[in-house]
Amino acid sequence: MKTSAKRWATTTVTLLAASALASACGGGKPAAPAQTAGQDSAKQSAAQEQSGGKQDSSGKAVTLTFWNGFTGPDRPGYENLVKQFNDTHPNMKVTIDISPWDSLLAKLPTSLATGQGPDLAAFDSSLITKYAKSNLILPLDDLYSNGVDQNVLPKSLVSAMKYNNKFYAVPANNATLLLYYNKDLFKAAGLDPNKPPSTWDEWMDAIRKTTKTNGSDKQYGIALADHATIPMWPILVWGNGGNFVSDDNKSSRMTDPKTQEAIKTWSDLVIAGGVSPTNLTGAEADKLFQSGKAAMEMNGPWATGGYTQAGLNYDVAPIPAGPAGKVTLASTVALVAGKNTKNKDAVYEFMKFWVSKDAQAQLSGQTGFPPVRTDLGDDPKLKQNPFVPKFADVANDAKYYLPGLEQYDKIDSDVIVPAIQAITNKKASVDAALKDADKKLNDILQGKN
Amino acid sequence: MNIARKRTSVMNRQKRAAFWFLLPSMSILALFVFWPIADLFWLSFHRWSLLDANHAYAGLANYVKLVHDERFWNAVVRTVYFTAGSVPVGIVLSLALALLANEPLKGMSAFKAIYFLPVISSFAIISIIWSFLLDPDIGLLSYWLKAAGFPASAWLRSTTWAMPAVIAVAIWKNVGFNMVILLAGLQSISASLYEAAKIDGAGALQRFWSVTLPALRQTLLFVVIISVIASFQVFDQVYVMTRGGPLNSTETVVYYIYHHGFELLDMGYASAIAWVLFVVVFLITLLQLRLFRFNETD
């Protein structure tokens with residue numbers, strides 16, 4: 001028995017070591033492609049001359065930490081920008097720490113509240129209210145009065161960067177959502193792949209035609225994610241003229257007839273028509289679209305890189321106009337300064353660099369995001385990427401989801417997501433689910449919960 | 001008199017020695033277990049948002065809220081479901097495997113290693129792999145199940161099937177650990193007991209009921225208690241596989257604590273839930289000790 005136990009122990013340890021090794025390799029991050037490094041060397045050396053005068057006489061580099069959640073296919077774009085900043089500012093070094101958004105948002109407030117945390121952080125602009133109200137991030141009015149010109153930012157972005165009329169962030173990116181559609185699946189369903197739907201009627205028709213509910217090759221007309229995702233259902237609600245919260249953020253609009261009608265229309269399509277799986281996360285929806293199992297998806301510019309690389313035959317178009325007109329989601333990641341930073345000047349320098357013409361032209365060209373500036377019209381770098389103008393074109397129809405609400409994440413995760421899931425899982429009628437959500441939402445808005 | 005004094009001094013010396021031997025581990029426990037539990041208790045009587053420097057005393061408000069919180073009760077029901085689904089099946093399976101592993105068969109060490117491998121693998125990695133396997137559209141396992149005639153299910157995306165899937169993975173992951181402990185218990189049973197039973201004419205089944213099970217009682221008790229405690233605290237697997245979804249159908253109590261503490265940053269309420277969980281686990285453990293008559297020797 002003893003020898004067999006020993007042999008067993010050896011086998012186990014060997015396998016353990018092997019699995020640890022495998023997981024260590026799997027966890028390693030892929031090297032950032034260096035494609036832009038070469039072509040930008042000329043610009044970099046020019047920038048280096050500019051900043052050369054500022055170099056610290058002691059020669060000691062200031063180190064900044066930058067926490068964010070850019071884990072998507074657009075990640076290399078941000079990494080390249082940081083690298084470029086470090087190359088052009090020899091007296092400063094920004095170390096970038098990328099983790100998934102949810103774990104970032106779990107550790108960021110704790111560390112800031114206890115006197116630690118990063119010098120720079122990035123998170124969805126909806127969270128500015130919460131962080132600013134708790135004084136975890138620094139007000140940036142002096143940066144905007146000296147260095148960053150708010151007149152070059154799109155108007156909607158300017159208000160998204162503020163809390164109580166004070167600036168607390170610069171935009172790290174600027175996204176709108178478009179309708180992604182698979183051209184091959186459109187063709188196969190007898191639809192014109194060069195004429196994407198432009199109204200809800202056409203859209204629903206296309207969704208029904210590309211849905212195959214029986215047979216071995218099941219296929220969905222649309223991949224409609226309802227949780228852990230960039231908001232998709234809100235676009236459908238807005239398209240019908242509904243909303244979740246009143247414009248003054250004081251009362252719920254969950255039982256508004258327009259809201260109710262929108263949710264009824266689309267949940268019927270999902271339940272009875274089987275046009276989309278229910279309970280999808282954003283990542284699962286992307287997977288369905290990327291593997292050709294879903295014909296359409298609403299998504300932001302970050303997805304273009306991955307789909308193109310996967311060799312998918314797709315295009316993007318504005319979200320089809322609903323009864324209330326054209327509308328889509330605006331989503332911005334905010335770049336903020338942690339309250340415990342000891343290098344405010346360097347933080348400002350980084351922010352100025354981030355929203356500068358060169359940096360934005362490069363970021364847009366590489367990722368497909370519209371630039372955060374309005375004055376880059378004919379920059380050749382933007383033209384390299386055919387997606388940029390398409391995402392930029394719908395900017396005027398784009399709305400933020402639950403803007404300016406301190407309890408933004410609670411409203412989303414505890415009220416809106418469960419209401420929609422209760423309906424699509426047939427656990428509650430539209431009426432009952434929205435009435436329940438209405439009560440919960442009003443409680444939150446009135447500070448009762 | 002003299003003898004009595006001598007005895008006390010020996011006892012004192014033993015006590016002193018025990019104190020010094022216990023000190024290192026007790027101080028670690030005190031710092032990282034007892035102190036946080038006490039602190040948690042204090043937190044649970046406050047409005048304690050991580051984002052707010054002002055921590056007002058709230059009395060029993062968090063506990064009152066908890067009583068009226070439907071989602072908390074849902075989490076309790078889901079946790080009991082998980083425990084009832086994973087513990088009995090898991091223990092029967094691991095006992096069967098332990099009995100098998102106790103037989104002197106060829107290739108037994110490889111067999112044991114295979115069942116022990118999930119135990120030492122990271123739960124996060126395992127959960128990701130199982131999520132892939134169970135994916136209703138591109139998952140290998142869901143494809144096989146469909147081919148084998150099982151009705152098509154969205155598994156982790158179905159409010160009905162997500163929990164059974166999570167339970168199955170938990171059993172698969174933990175069965176090896178329980179097997180090893182039970183195997184150790186089996187090997188400590190004296191062979192003479194089996195010989196005596198054989199001579200008395202007991203069959204294999206009777207030997208199992210009358211010799212193996214009673215002799216294994218202490219080991220089984222240990223396995224049951226740690227399995228129940230672990231099931232009541234299930235978190236990482238739910239976090240990676242389902243995030244408590246769909247529609248809170250896999251939301252366990254610890255996941256709900258995480259949701260309030262680290263997603264909504266409401267530490268006061270999260271602490272209140274944690275304390276309730278602590279008390280419940282404590283009571284259940286006491287009950288189990290009683291049921292298995294821990295201190296009696298028959």
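## Helix packing in chain A

A crossing of two helices is left-handed if the near helix is turned anticlockwise from the far one by less than a right angle, and right-handed if clockwise. In this predicted model, H4(A) passes H16(A) in a right-handed crossing.

H4 of chain A spans residues 75-88, and H16 of chain A spans residues 357-367. Their axes come within 9 Å and cross at roughly 155°. Angles over 145 degrees count as roughly antiparallel. H4(A) and H16(A) are therefore roughly antiparallel to each other.

Which residues meet here? From H4(A) come Gly77(A), Asn80(A) and Leu81(A). H16(A) answers with Ala359(A), Gln362(A), Leu363(A), Gln366(A) and Thr367(A). By class, this contact has five polar residues, three nonpolar and no charged.

## Contact between chains A and B

Chain A puts 33 residues into the contact, and chain B puts in 28. On the chain B side, two elements give two or more residues: helix H4 (108-120) and helix H12 (253-263). H4(B) supplies the largest share, eight residues.

What is the class make-up of the chain B side? There are 16 nonpolar residues, six polar and six charged.

## Transmembrane annotation in chain B

An unreviewed UniProt entry places the feature "transmembrane region" at several spans of chain B.

Notes: Residues are numbered from 1 along each chain as its sequence is written. Chains are lettered from A and ligands numbered from 1 in the order in which they are written. This is a predicted model: local features need pLDDT of at least 70, side-chain atom pairs count only at pLDDT 80 or more; totals for chains, interfaces and linings use all residues. Two residues are in contact if their C-beta atoms, placed from the backbone, lie within 7 Å. Helices (H or I, at least four residues) and strands (E, at least two) are DSSP runs, numbered from the N terminus. Ala, Val, Leu, Ile, Met, Phe, Trp, Tyr, Cys and Pro count as nonpolar, Asp, Glu, Lys and Arg as charged, and the others, Gly among them, as polar. UniProt positions are given in the numbering used here, feature names are shortened, and annotations may be inferred rather than shown by experiment. Axes are lines fitted to C-alpha atoms, for helices over the stretch in contact, and angles run from 0 to 180 degrees between N-to-C directions. Angles under 35 degrees count as roughly parallel, over 145 as roughly antiparallel, 65 to 115 as roughly perpendicular and the rest as oblique.
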